[in-house]
Amino acid sequence: MLTLHAADLLLPGDREPVPGGAVLIDGDRIAMIAPYEDVAAEHPAARVRRWPGVLTPGLVNRHGAALLELAYFPDDPFEVDELGPEPLTGAALAALAPSESRRGNSARRCTQKLLAHGVVAVTGPLVTPAVRTAVRRAGLEVLPSGGAEGPAALDPFADAEPGEAFRAPLAVGGPARFAVFAVPDEAAPAARGAGTCIATVIGGRLVHRRR
């Protein structure tokens, strides 16, 4: 089935923004990028998803290995009383000494947080099998090593220029992976942060939607 994703503003990533733009998805690929009226007229039977805000290419988190391999995300609410709400790293992680299964569950929780920040790809390397499985099931692409400096952050905009945070420009024939942010203009996703994400699409599938 064809699915049309329409937003107040579409940022392809390598050319001028498209006010009232839309992306048409056929399977896991992008079939058309144009103003909504043009796409809808050409494909009237397509299922329509309308989003308030700005649709952009999906983001890359360059702290992937640090977040997924070198941090433990407590299970809320079951572990928060004991471990606290923040990820455990360093000495605290060493003291916890989680099993591989527990690391995999932490990675699963982390991937959900990444998807909620518009992330479609992370940097590696990821060496723990259970972690790799969690990332693969989430649909996240793993890129070669080359992570960002500084503290690991879930928000790719925290330590990158807006354009550098994008995985790749949206293109007809290219993979259907993008994010939508509930913000008013082109500059706002980076200015207000990726926590404003309301939808993430990977492989043509809606893998995150803010309720």
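Val54 stands opposite Phe181 of strand S9, in a predicted model where local features need pLDDT of at least 70, side-chain atom pairs count only at pLDDT 80 or more, and totals for chains, interfaces and linings use all residues. Residues are numbered from 1 along each chain as its sequence is written, and side-chain values use heavy atoms, with hydrogens and water left out. Helices (H or I, at least four residues) and strands (E, at least two) are DSSP runs numbered from the N terminus.

**Strand S9 and its partners**
- S9 (residues 178–181) runs antiparallel to S5 (residues 47–57), with 4 bridges joining them; strands count as paired if DSSP finds at least two bridges between them.
- S9 also pairs with S10 (residues 197–202), again antiparallel and over 4 bridges, and here Ala179 sits opposite Thr200.

**Helix H6**
- H6 (residues 129–138) has Val131, Ala134, Val135 and Ala138 as its buried residues.
- These residues lie on the same side of H6 because they cover an arc of only 95° around the axis, taken from the directions from the helix axis to the C-beta atoms.
- Arg136 and Arg137 are exposed on the face turned away from that buried side.
- The cover over the buried residues of H6 includes H2 (64–69), H5 (100–115), S8 (141–143) and S10, where contact means heavy atoms within 4.5 Å.
- Just after H6, Gly139 has a positive phi of about 90°.

Definitions and conventions: Buried < 20%, exposed > 50% of the residue type's maximum accessible area, 1.4 Å probe, protein only.
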